[in-house]
Amino acid sequence: MLVSRGASRHKISEYPDSLNKSPESIVMAAKTHHPGESVVHRGVYLVLHYLHRSNHHCRIETGSFPTCNVCLHRVQFEITSGTQSAPLIWDDPDFRPVAAAAKSTDNRTS
Ligand SMILES: [Zn+2]
C-alpha cells in the first residue's frame, strides 16, 4: 500500500538555502531582459538605459520587452519585487509608440 501523505509534511526550512534553491528563487534573481524577449513574469521592472537616462521602474504586463525611443536595443530590464505603484511602461515617454502618433496625420483628406 502507498503512504504518500507523510511525504509532504517535511518542513521547507530543513533545506539549506545554499544547496537547494527553488526554481522560483532562481527566476527572481537579477536577470536582465532585452527588447524583443517575451514577458514571462509581469510585474515591476527596473529599466536600465544606456547613458541618456538614469534607471527607473516601470510596470510591464504582457507582450514583449520594448525598445527605448532613445537608446533603442541597448535598454535592459531587470525584474524587481515591490514598487507596485510604478507607471506602466507605455506611459513612459521613452517607450510611447511613435509610429501610432505619426499614423494619425496620415489619414487627412486635404
Ligand atoms: Zn533609453
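**Sheet, core and loop residues of the predicted model**

Leu-51 lies in the loop between S2 and S3, where strands (E, at least two residues) and helices (H or I, at least four) are DSSP runs numbered from the N terminus. The structure is a predicted model, in which local features need pLDDT of at least 70 and side-chain atom pairs count only at pLDDT 80 or more, whereas totals for chains, interfaces and linings use all residues. Residues are numbered from 1 along each chain as its sequence is written.

The phi angle of Leu-51 is near 70°, a positive value in a residue other than glycine. Leu-51 counts as exposed because it has 7 C-beta neighbours inside 10 Å; a residue is exposed if 12 or fewer other C-beta atoms, placed from the backbone, lie within 10 Å of its own, buried if 20 or more do, and partly exposed in between. Leu-72, in the loop between S3 and S4, also has a positive phi, near 55°. With 10 other C-beta atoms within 10 Å, Leu-72 is exposed. Most residues other than glycine have a negative phi.

The four strands form an open sheet in the order S1-S4-S2-S3, with antiparallel pairing. Strand S1 (32–33) and S3 are the edge strands, each pairing on one side only. Pairing requires that DSSP find at least two bridges between two strands. S1 and S4 are joined by two bridges, and Thr-32 stands opposite Glu-78 in S4. Between S2 and S4 there are four bridges; Leu-48 has Gln-76 in S4 as its bridge partner. S2 and S3 are joined by five bridges, with Val-47 opposite His-56 in S3. His-56 is partly exposed, as 15 other C-beta atoms lie within 10 Å. The C-alpha atoms of His-56 and Tyr-45 are separated by 8.3 Å, the two residues being eleven apart along the chain.

The largest nonpolar core comprises twelve residues, among them Tyr-45, Val-47, Ile-60, Phe-65, Phe-77 and Ile-79. Strands S2 (43–48), S3 (56–60) and S4 (76–79) each give two or more residues to this core. Such a core is a set of buried Ala, Val, Leu, Ile, Met, Phe, Trp, Tyr and Cys residues joined through C-beta atoms within 7 Å. Not counting residues up to four places away in sequence, Phe-65 touches His-33, His-34, Pro-35, Gly-36, Glu-37, Val-39, Ile-60 and Phe-77, a contact being defined by C-beta atoms, placed from the backbone, within 7 Å.

Methods: Two residues are in contact if their C-beta atoms, placed from the backbone, lie within 7 Å.
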